[in-house]
Amino acid sequence: GLKRYPLHPDALIGAQRLIETHQRRGRLDQARRARLEVASRFVPASAWAKAQASDSVRSAGSQFARASWKTVALEHHRKARDAGSRDDWREALQLYQKLLSTWPEDAEAPALRLNAGEASAQLGEYPAALEHYAAAAATGRDSVASHALWQRVAVTDAWYQSTRAARGRERTGLGSDSLGRAVITAGDELLDRFSDHPESGSILWRQANLAFGHGWFERAASDFGRMIVEHPKDARSPVAAGLRADALFRTERFEAAGIAYEEALTAARRAGLDSLERHAAAAIPISWYRHAESVVAADSSNHAQHAALFEKLATRWPQYEHAHVARYRAGLAYLRAGSARDAVRVLEALIRDHPKSEYVQDAHLQIAHAWEAAGEREKAAQAYADFAERYPKDASAGDAWLKAADLFAAAGSEPKADALRLTYIRTFPNDVENAMEILEGLGRRELAGIAPGRPISSLLMASGSSKTAAASSHLADYLRRAEAHPKLASPSLLAQVRFLEGEEANTAYSAARLPQPLERSIPAKQKLLEKTLASYRKAVDLGVPEWAHASAFRIGEALVAFGEALEKSQRPADLTGDDLVAYEDVLYRQRDGFFDRGEGVWMELLRSQSREAQADEWIARTRTSLWGRLANRFYFRPEVEFPLAAASPPGRLRPDSKASDTESATARESLGTAPERTPGAHQP
């Protein structure tokens with residue numbers, strides 16, 4: 001009937017019976033072929049449909065055709081799902097496309113779109129699949145739209161996965177950036193429309209992981225954070241917390257990362273995820289350290305804030321591998337902020353809690369600097385001393401010794417300062433220059449503290465040329481070194497020592513008397529005089545004005561004193577009369593020779609001085625002594641103005657008489673050897 005009367009209304013009934021006959025006889029393949037063969041005869045706008053006068057007949061034919069194609073399409077669809085045959089997927093897709101193109105406004109079109117989308121995806125035709133799902137989402141009910149949008153996410157992700165590099169049976173590495181973004185966008189569209197979608201947790205998880213993998217860390221942190229808040233009971237939420245912290249760290253938002261890692265640590269402990277717990281615990285101090293560094297980089301002048309951040313880190317996580325560095329940096333920052341006590345507190349904690357840190361050595365020095373900056377001299381001195389004792393081989397140890405000594409001295413702890421300086425000399429024997437400087441100061445203090453009447457020789461017992469001599473005093477040690485290193489010696493101190501040596505010799509010289517017989521006592525006193533003059537001349541030769549002037553005055557004074565000693569010397573008991581007069585005449589000539597020499601020294605000293613030197617104490621004493629003697633020379637000397645006739649003194653023989661020669665010889669024998677009178681010297 002279908003062939004003879006193809007346009008007759010009953011042709012539809014014949015087609016239906018043909019299919020039913022194949023089905024009753026179990027010829028399902030023939031029934032399927034029959035559906036495909038006859039269905040197209042009855043579709044809208046076909047020749048048969050145009051030939052029908054009744055709308056109901058045309059509608060029945062349309063429904064038959066639609067049902068036939070749909071039935072066959074679903075059969076291929078089921079078979080494709082069961083066996084994965086691409087041919088079945090292809091057949092199903094073609095039939096779905098026919099149905100959709102023939103009946104686009106059909107109520108079942110959104111559902112057919114879902115099926116067509118699945119078939120397209122299975123065939124790898126991802127753009128077509130996404131188009132079908134988009135249409136289903138736009139036209140179907142919420143249940144269909146929800147499923148369609150979910151499938152869009154899944155298909156886009158499958159497309160993305162297909163772009164990843166293949167390694168054996170697995171795909172590794174990242175896929176296309178654009179498709180990665182498309183997956184995220186598809187997820188956003190689903191969640192924007194159906195925020196409570198059953199798969200929202202999986203969508204957020206996938207979006208976040210894709211963003212993290214591609215380095216879109218801001219987006220990753222946002223999606224992981226949303227997942228934690230919206231799906232706290234999801235088994236993946238603790239891991240999401242850790243990944244969110246990682247993403248924040250990658251964006252260099254270190255403070256937020258530190259907080260996030262602490263939250264992840266709590267979640268990991270609650271979930272029993274040991275690996276995540278270890279990761280978060282290790283990452284927390286790293287984040288806070290990097291946060292502190294970023295704050296320093298952003299504002300290098302806020303030292304107090306920097307110190308607080310580094311100290312907090314080191315205090316909360318003392319086991320962190322860089323906790324000692326954080327403490328060190330906190331200490332330096334406190335120093336720059338002017339908080340010396342805080343700096344000391346933190347640096348002492350570094351020394352105590354991290355004794356093996358490479359920064360401990362410098363921490364000792366920084367503590368010393370801190371106390372010094374705070375004006376705590378004694379504490380600073382002790383800190384420098386501790387450093388020097390602990391690190392004696394360090395290049396700055398020597399300076400630390402000396403600095404400690406200076407600070408102790410400034411704080412009034414002179415004994416401690418002296419002990420440190422002497423320890424420095426023993427510890428650094430090759431530093432001759434500083435040793436000389438130290439011993440010079442100690443020597444001067446020894447000189448200043450020497451008791452009145454105590455001879456300077458008591459301080460100089462070991463001084464001399466022997467390098468192995470054990471010095472009895474710091475001054476003696478200084479003089480020994482000065483002999484070995486004259487360029488480093490202080491002329492002022494040497495001159496003072498030589499002057500005091502002269503004073504000591506002068507004391508012995510002054511105490512010597514001239515008893516009879518003078519031929520023995522005069523040489524003895526002259527020897528003491530020569531020793532005295534030699535010591536004073538050593539001081540003069542050093543050219544230090546104060547001591548040169550003092551020594552020159554003493555030289556003149558000693559010479560005059562010898563003359564006075566001669567004048568006051570004991571007379572021989574057996575000399576009387578002219579013999580005594582002759583004896584004294586020779587004695588006075590010798591006396592006058594010493595007077596002239598002493599006064600000559602004083603005159604030379606006064607002639608050599610500038611006006612600026614007139615205020616010198618020794619110059620003043622020299623002037624007073626010399627002028628007094630010159631004044632006495634002309635006192636009661638009328639012959640200065642009224643010359644007198646030459647005459648011999650009463651009781652004295654004329655020079656040309658034999659008696660005079662005899663008496664003079666007798667007198668010289670009694671006096672011993674003495675310098676002749678200098679012409680022009682006055683007579684007694």
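Predicted model: local features only at pLDDT ≥ 70, side-chain atom pairs only at ≥ 80, totals over all residues.
1. Basis. Local features need pLDDT of at least 70 and side-chain atom pairs count only at pLDDT 80 or more, while totals for chains, interfaces and linings use all residues. Residues are numbered from 1 along each chain as its sequence is written, and side-chain values use heavy atoms, with hydrogens and water left out.

2. Make-up. The protein has 29 helices and two strands. These are DSSP runs, numbered from the N terminus (helices: H or I, at least four residues; strands: E, at least two). Of its 684 residues, 44% count as buried, meaning under 20% relative accessible area with a 1.4 Å probe, protein chains only.

3. Main core. The largest nonpolar core has 118 residues. Such a core is a set of buried Ala, Val, Leu, Ile, Met, Phe, Trp, Tyr and Cys residues joined through side-chain atoms within 4.5 Å. Tyr261, Leu475, Tyr478 and Val497 have the most contacts inside this core. Helix H16 (residues 323–336) gives the most to it, with eight residues.

4. Helix pair. H21 (residues 414–427) and H22 (residues 432–449) pack at an angle of about 145°, with axes 10 Å apart. Axes are lines fitted to C-alpha atoms over the stretch in contact, and angles run from 0 to 180 degrees between N-to-C directions.

Notes
Buried < 20%, exposed > 50% of the residue type's maximum accessible area, 1.4 Å probe, protein only.
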